[in-house]
Amino acid sequence: AGLGGRIAVLGSGHARRVPAGMEKAEALARFADITYRCGEVAQSFGMKIAIEPLCYREDTLLNTVADGVALCRTVGHPAVGVLLDFYHFRENGESLSELASLPDLPSRLFHVHLARPDSDRGAPTEADVPAMRPWAEALRAMHYTGRISLECVFRSDFETAIRSAYPATDIFREL
């Protein structure tokens, strides 16, 4: 908060792996408890916590947007929400129609991450707009007006990649 932050993301796959010998239900209960505590601290500083579901190969605790929303329900703290990372979403084989089956997602969606809609996780370009348009439409249908950031691997120089990504993200500026 002292640096101007408004959202802290809980998304480290290594830190969230279910330990050997522990049942997943116990790991989720422990994570829900610490997430509630984080929500309390965040709220006291005017911040929010966004839980980031990660793809199956990176995390063994929270993978789908539905997992994230379910944890938000369990935690029950107004400063705790979910992050929708379209890279992990696509890697897990989730579909946009599944988002509509989560009626409380619009009120719990605190942040969105974008990367190319293919597996290279690079910065999007104008060639990616047709594949990303349904993502923008899904966010628009939820009346999402929150933060969206690029979470990419920059294989070329950063400035060139950002210049290429800027026009590609115009479809999200309309939200």
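Trainee: Why is H143 called exposed?

Mentor: Exposed means over 50% relative accessible area, buried under 20% and partly exposed in between, with a 1.4 Å probe and protein chains only. The relative accessible area of H143 is 68%, so H143 counts as exposed. The model is predicted: local features need pLDDT of at least 70, side-chain atom pairs count only at pLDDT 80 or more, and totals for chains, interfaces and linings use all residues. Residues are numbered from 1 along each chain as its sequence is written, and side-chain values use heavy atoms, with hydrogens and water left out.

Trainee: What makes R121 buried or exposed?

Mentor: R121 has a relative accessible area of 19%, so R121 is buried. R121 lies in the loop between β4 (109–114) and α6, and has a positive phi of about 60° although it is not a glycine.

Trainee: Which residues of helix α7 are buried, and how do you know on which side they lie?

Mentor: In α7 (residues 158–168), the buried residues are A161, A165 and A168. They cover an arc of only 50° around the axis, so they lie on the same side of α7; the arc is that of the directions from the helix axis to the C-beta atoms. R163 and Y166 are exposed on the other side of α7.

Definitions and conventions: Helix = DSSP H or I, 4+ residues; strand = E, 2+ residues; numbered from the N terminus.
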